[in-house]
Amino acid sequence: MDLSWLVVAAVFLLTLAYCLSSRNSNGRLPPGPRPIPILGNLHLLGDKPHLVLTALRAKFGDVYSFKLGSYNGVVLNGHEAIRDALTESAFSGRHMESAAFPRQGGIVLTEGKDWAEQRRFTLKTLRDFGFGERFTHDDPRVHKLIGLLNIAIQSESVTVLEKLSFFIAWLHPLKKYMKTIQQMNKFMEETLKMMRDIIQNHKESFQQDQLRDFIDVYLNEIEHATEETPTFYGGRGEHNLPVVLFEMFIAGTETTASSLTYALQYLAVNDDVQEKMYREIKNVVGSTRRPALTDREKLPYCEATIYEALRHSNLLPRSLPHKTTEDVIFRGYVIPKNTIVIPNLHSAMRDPTVWGDPENFRPERFLTVDGALKKHHDALLPFSFGKRICLGESLARDQLFLFLTSLIQQFCFKPDPNSPKLTVELRLM
Ligand code: HEM
């Protein structure tokens with residue numbers, strides 16, 4: 001057969017397959033932009049997807065459909081829709097194929113009972129014990145991993161085909177041949193190997209009556225596991241522990257470091273804010289000792305500045321993709337099981353109807369007229385919300401507070417006069 005006929009036949013079959021797969025037989029999805037074959041609505045996203053998704057809110061409302069390649073998708077906009085949906089367990093699944101680091105087990109890419117068991121244990125243990133193992137900045141292992149991580153996450157190096165492979169089901173099998181994905185796998189394997197070495201050291205000096213840190217408590221849980229705690233039992237705990245450590249490393253390093261960097265850049269360009277922070281620290285803490293977490297209550301301006309940096313930098317503007325675990329009725333629509341759910345955090349944290357002047361960096365928005373901190377704000381969702389809210393939220397907030405206040409106590413940050421004018425350029429995922 002002539003090659004052009006083959007191409008026509010292939011396009012026809014793909015279009016037919018697309019039409020059949022996109023027929024929404026068991027749901028009444030909300031309206032949304034018109035999808036095209038194969039890509040769905042992916043072609044609309046461009047390089048700042050959160051802006052496109054936020055603009056579509058004006059046309060389609062707080063909850064709209066957005067077809068992601070082979071998958072049905074729903075975008076949640078504004079703090080009310082995001083909060084209402086993410087508190088329901090039907091919205092707490094994860095779209096695993098969108099993961100750059102394919103793997104089994106752990107927390108970030110699991111769902112259901114396995115996810116709940118590992119998440120509950122990790123949260124409780126982090127709260128009671130902290131993390132334990134610390135690395136110094138000159139540790140060669142850290143340099144190696146950060147180097148690999150940087151190569152793996154350089155978004156410029158991700159090709160269009162690689163991006164599409166996360167959402168087009170028939171491209172999934174090709175993922176293993178793609179360069180960035182291979183780099184990410186290499187990074188994951190190296191990190192898991194390092195985690196296994198650390199675990200082995202712990203095993204050699206393990207004492208049941210003297211649990212030293214997160215790893216010891218986890219090993220103890222494996223030791224006492226029964227069928228009642230299946231993700232720790234029968235070899236699964238041994239598999240899950242390095243994966244959980246890997247996830248903490250990935251989810252906890254780049255996020256907190258980037259938030260701190262953004263905060264310092266905001267302060268460099270807003271010297272009045274920096275000056276107010278400095279005065280507050282000087283009055284309350286002085287300059288002879290380091291700020292401590294117990295000073296927090298007395299440093300409302302510093303806290304408000306951190307809130308504002310988290311709001312404005314909006315590190316994960318679309319959060320991580322969720323998935324419905326069952327058919328669910330939401331706002332009058334029937335959203336079928338396995339629909340990808342995108343919480344568009346950007347739409348809440350830059351919502352002009354909530355914040356008035358969302359583009360400005362203005363910590364005062366989190367202070368009362370008396371200068372007290374407004375602790376709660378519905379539309380401040382840097383860590384997302386609900387069942388899958390960031391597991392490291394309080395750790396990240398503590399670290400940001402300690403680092404930022406200690407730095408401002410000791411140093412004054414200014415833009416480099418020899419460089420072009422510093423603007424805070426966000427590098428968003
Ligand atoms: C400023 C720093 C951070 C920001 C802005 C941030 C933000 C987020 C966001 C938006 C999510 C997605 C939640 C969702 O699925 O809706 C998330 C998930 C997660 N974060 Fe963070 N994060 C930060 C720091 C950390 C740290 C320090 C850790 C660990 C020690 C951590 C561990 C995790 C984990 C394990 C998840 C997955 C939770 C799950 O799937 O149940 N994060 N984070």
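Author: Helix α9 passes helix α14 in a right-handed crossing, where right-handed says that the near helix is turned clockwise from the far one, and left-handed anticlockwise, by less than a right angle. Helices here are DSSP runs of H or I with at least four residues, numbered from the N terminus, as strands (E, at least two) are. Residues are numbered from 1 along each chain as its sequence is written. The model is predicted, with local features needing pLDDT of at least 70 and side-chain atom pairs 80 or more, while totals for chains, interfaces and linings use all residues.

Reader: At what angle do the axes of α9 and α14 cross?

Author: Their axes, lines fitted to C-alpha atoms over the stretch in contact, with angles from 0 to 180 degrees between N-to-C directions, come within 10 Å and cross at roughly 40°. That makes α9 oblique to α14, as the angle is not under 35 (roughly parallel), over 145 (roughly antiparallel) or 65 to 115 (roughly perpendicular).

Reader: Which residues of α9 and α14 meet?

Author: Thr255, Thr256, Ser259, Leu260 and Ala263 in α9 meet Ala396, Gln399, Leu400, Phe403 and Leu404 in α14, contact being C-beta atoms, placed from the backbone, within 7 Å. Of the residues in this contact, six are nonpolar, four polar and none charged.

Reader: How many residues surround the ligand?

Author: The ligand is surrounded by 26 residues, the closest being Ala251, Gly252, Ser384, Cys390 and Gly392, and a residue counts if its C-beta atom, placed from the backbone, lies within 6 Å. Helices α9 (236-269) and α14 (393-410) each supply at least two residues of this shell, and the largest share, seven residues, comes from α9.

How values were computed. Contact = placed C-beta atoms within 7 Å. Nonpolar A, V, L, I, M, F, W, Y, C, P; charged D, E, K, R; others polar.
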